[in-house]
Amino acid sequence: MAIHLYKTSTPSTRNGAVDSQVKSNPRKNLIHGQHRCGKGRNARGIITAGHRGGGHKRLYRKIDFRRNEKDIYGRIVTIEYDPNRNAYICLIHYGDGEKRYILHPRGAIIGDTIVSGTEVPIKMGNALPLSAV
(Lines give C-alpha, C1' and ligand atoms only; values in the text may rest on other atoms or scores of the structure.)
Protein backbone atom coordinates (compact mmCIF):
# COMPACT_ATOMS: atom_id res chain seq x y z
CA MET A 1 0.00 0.00 0.00
CA ALA A 2 1.16 3.48 -0.78
CA ILE A 3 1.47 5.66 2.28
CA HIS A 4 1.73 9.43 1.91
CA LEU A 5 3.97 11.10 4.49
CA TYR A 6 3.39 14.78 5.22
CA LYS A 7 6.03 17.44 5.73
CA THR A 8 5.79 18.97 9.17
CA SER A 9 4.27 22.41 8.83
CA THR A 10 2.12 22.46 11.98
CA PRO A 11 2.10 20.34 15.14
CA SER A 12 -0.98 18.47 13.88
CA THR A 13 0.84 17.24 10.76
CA ARG A 14 3.86 16.02 12.68
CA ASN A 15 4.37 12.24 12.29
CA GLY A 16 1.24 12.06 10.11
CA ALA A 17 0.64 9.51 7.40
CA VAL A 18 -2.34 8.80 5.14
CA ASP A 19 -3.02 5.64 3.16
CA SER A 20 -3.69 6.70 -0.42
CA GLN A 21 -5.75 3.61 -1.31
CA VAL A 22 -8.56 4.56 1.05
CA LYS A 23 -11.48 6.17 -0.77
CA SER A 24 -14.34 8.04 0.83
CA ASN A 25 -17.20 7.97 -1.70
CA PRO A 26 -19.63 5.15 -0.80
CA ARG A 27 -21.93 3.24 -3.17
CA LYS A 28 -25.38 4.83 -3.20
CA ASN A 29 -27.33 1.56 -2.94
CA LEU A 30 -25.29 0.32 0.04
CA ILE A 31 -25.89 3.33 2.29
CA HIS A 32 -28.91 4.85 3.97
CA GLY A 33 -29.61 7.77 6.25
CA GLN A 34 -29.24 7.26 9.96
CA HIS A 35 -31.47 9.16 12.39
CA ARG A 36 -29.21 10.30 15.22
CA CYS A 37 -31.25 12.34 17.66
CA GLY A 38 -29.17 11.81 20.79
CA LYS A 39 -26.88 14.75 21.42
CA GLY A 40 -27.93 15.02 25.06
CA ARG A 41 -31.65 15.57 24.46
CA ASN A 42 -34.62 13.97 26.19
CA ALA A 43 -37.90 12.79 24.65
CA ARG A 44 -39.17 16.36 24.34
CA GLY A 45 -36.04 17.51 22.53
CA ILE A 46 -34.74 19.59 25.45
CA ILE A 47 -30.99 19.53 26.04
CA THR A 48 -30.47 17.84 29.43
CA ALA A 49 -26.79 16.90 29.19
CA GLY A 50 -24.56 19.85 28.45
CA HIS A 51 -21.50 19.81 26.21
CA ARG A 52 -22.96 17.15 23.89
CA GLY A 53 -23.73 17.42 20.24
CA GLY A 54 -22.19 18.67 17.07
CA GLY A 55 -20.23 16.41 14.81
CA HIS A 56 -20.56 15.71 11.13
CA LYS A 57 -23.58 14.03 9.57
CA ARG A 58 -22.88 10.35 8.90
CA LEU A 59 -24.44 7.90 6.47
CA TYR A 60 -24.71 4.28 7.56
CA ARG A 61 -22.98 1.69 5.36
CA LYS A 62 -24.76 -1.68 5.15
CA ILE A 63 -22.16 -4.28 6.13
CA ASP A 64 -22.55 -7.94 5.19
CA PHE A 65 -21.75 -9.66 8.48
CA ARG A 66 -23.37 -12.94 7.47
CA ARG A 67 -21.18 -13.55 4.38
CA ASN A 68 -23.78 -15.94 2.95
CA GLU A 69 -22.60 -15.82 -0.67
CA LYS A 70 -21.47 -19.47 -0.64
CA ASP A 71 -18.63 -20.57 -2.94
CA ILE A 72 -18.81 -17.40 -5.06
CA TYR A 73 -15.48 -15.64 -5.43
CA GLY A 74 -15.37 -11.91 -4.83
CA ARG A 75 -12.72 -9.28 -5.53
CA ILE A 76 -11.80 -6.38 -3.24
CA VAL A 77 -12.40 -3.23 -5.27
CA THR A 78 -12.00 -0.41 -2.75
CA ILE A 79 -11.01 0.09 0.85
CA GLU A 80 -13.08 2.86 2.42
CA TYR A 81 -13.33 4.78 5.65
CA ASP A 82 -16.48 4.16 7.69
CA PRO A 83 -17.44 6.97 10.09
CA ASN A 84 -19.69 4.67 12.15
CA ARG A 85 -16.96 2.27 13.31
CA ASN A 86 -13.23 2.32 13.92
CA ALA A 87 -12.48 -0.25 11.23
CA TYR A 88 -12.10 0.19 7.49
CA ILE A 89 -14.55 -1.52 5.15
CA CYS A 90 -14.06 -3.13 1.73
CA LEU A 91 -16.32 -3.08 -1.28
CA ILE A 92 -16.54 -6.59 -2.75
CA HIS A 93 -17.63 -7.36 -6.32
CA TYR A 94 -18.82 -10.97 -6.43
CA GLY A 95 -18.77 -13.15 -9.53
CA ASP A 96 -22.55 -13.10 -9.87
CA GLY A 97 -22.57 -9.28 -10.11
CA GLU A 98 -23.55 -8.49 -6.52
CA LYS A 99 -21.73 -5.81 -4.55
CA ARG A 100 -21.41 -5.79 -0.76
CA TYR A 101 -19.42 -4.18 2.02
CA ILE A 102 -17.46 -6.31 4.50
CA LEU A 103 -15.12 -5.36 7.31
CA HIS A 104 -11.58 -5.00 6.02
CA PRO A 105 -9.50 -8.11 6.76
CA ARG A 106 -6.06 -7.24 8.07
CA GLY A 107 -3.46 -7.59 5.32
CA ALA A 108 -5.96 -7.67 2.44
CA ILE A 109 -5.23 -5.28 -0.42
CA ILE A 110 -7.16 -4.11 -3.45
CA GLY A 111 -7.40 -6.88 -6.03
CA ASP A 112 -7.38 -9.80 -3.59
CA THR A 113 -10.03 -12.48 -4.02
CA ILE A 114 -12.09 -13.77 -1.12
CA VAL A 115 -14.69 -16.51 -0.81
CA SER A 116 -16.96 -17.83 1.90
CA GLY A 117 -18.12 -21.41 2.12
CA THR A 118 -17.69 -24.67 3.96
CA GLU A 119 -14.80 -26.05 1.87
CA VAL A 120 -12.71 -22.92 1.28
CA PRO A 121 -8.96 -22.70 1.93
CA ILE A 122 -7.83 -21.06 5.18
CA LYS A 123 -6.69 -17.62 4.06
CA MET A 124 -7.05 -14.05 5.31
CA GLY A 125 -10.45 -12.75 4.20
CA ASN A 126 -12.09 -16.12 3.56
CA ALA A 127 -14.97 -17.00 5.85
CA LEU A 128 -17.05 -19.88 7.06
CA PRO A 129 -20.70 -18.78 6.75
CA LEU A 130 -22.79 -18.60 9.90
CA SER A 131 -25.35 -21.07 8.58
CA ALA A 132 -22.66 -23.79 8.37
CA VAL A 133 -21.80 -23.60 12.08
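Predicted model: local features only at pLDDT ≥ 70, side-chain atom pairs only at ≥ 80, totals over all residues.
**Exercise 1.** Which loop holds Asp71, and is Asp71 buried or exposed?

*Solution.* Step 1. Asp71 sits in the loop between strand 5 and strand 6.
Step 1. The relative accessible area of Asp71 is 53%. Exposed means over 50%, so Asp71 is exposed.
Step 2. Asp71 is not a glycine, yet its phi is positive, at about 55°.

**Exercise 2.** Which backbone oxygen does the side chain of Ser116 reach? Find where Ser116 lies and determine how accessible it is.

*Solution.* Step 1. Ser116 belongs to the segment after strand 9 (113-114).
Step 1. With a relative accessible area of 2%, Ser116 is buried.
Step 2. From there, the side chain of Ser116 reaches the backbone oxygen of Arg67 at 2.9 Å.

**Exercise 3.** How many helices and strands does the chain have? Describe the chain as a whole.

*Solution.* Step 1. There are 0 helices and 9 strands. In sequence order the pattern reads β-β-β-β-β-β-β-β-β.
Step 1. The chain has 133 residues, and buried residues make up 25% of them.
Step 2. The accessible surface is about 9500 Å². Carbon and sulfur atoms hold 53% of that surface.
Step 3. Take the contacts with a separation of 6 or more: 51% of them join residues 24 or more positions apart.

**Exercise 4.** With which strands does strand 6 pair, and in what sense?

*Solution.* Step 1. Strand 6 and strand 7 pair in the antiparallel sense over 6 bridges. One partner pair is Ile76 with Ile92 of strand 7.
Step 1. Strand 6 is also joined to strand 9 by 2 bridges, and these two strands run antiparallel. Here Gly74 has Ile114 of strand 9 as its bridge partner.

**Exercise 5.** Which residues form the largest nonpolar core? Identify the strands that supply it.

*Solution.* Step 1. The largest nonpolar core consists of 8 residues: Ile76, Ile79, Cys90, Ile92, Tyr94, Ile102, Ala108 and Ile114.
Step 1. Strand 6 (74-80) and strand 7 (89-94) each supply at least two residues of this core. Strand 7 gives the largest share, 3 residues.
Step 2. Another core, of 5 residues, lies apart from this one; Leu30, Ile63, Ile89 and Tyr101 are among its members.

**Exercise 6.** Which residues is Ile114 in contact with, leaving aside neighbours within four places in sequence?

*Solution.* Step 1. The list is Arg67, Ile72, Tyr73, Gly74, Ile76, Ile92, Ile102, Gly125 and Asn126.
Step 1. Compare this with the earlier exercises. Gly74 is the bridge partner of Ile114. Ile76, Ile92 and Ile102 belong, with Ile114, to the largest nonpolar core.
Step 2. Arg67, a contact of Ile114, is also the residue whose backbone oxygen the side chain of Ser116 reaches.

Note on methods. Residues numbered from 1 in each chain as written. Heavy atoms only, no water. Helix = DSSP H or I, 4+ residues; strand = E, 2+ residues; numbered from the N terminus. Buried < 20%, exposed > 50% of the residue type's maximum accessible area, 1.4 Å probe, protein only. Polar contact = N/O pair within 3.5 Å; in protein donor to acceptor, adjacent residues only side chain to side chain. Core = buried A, V, L, I, M, F, W, Y, C linked by side-chain atoms within 4.5 Å. Contact = heavy atoms within 4.5 Å. Areas by Shrake-Rupley, 256 points an atom, 1.4 Å probe, with all protein chains shown as cover. Pairing = 2+ DSSP bridges.
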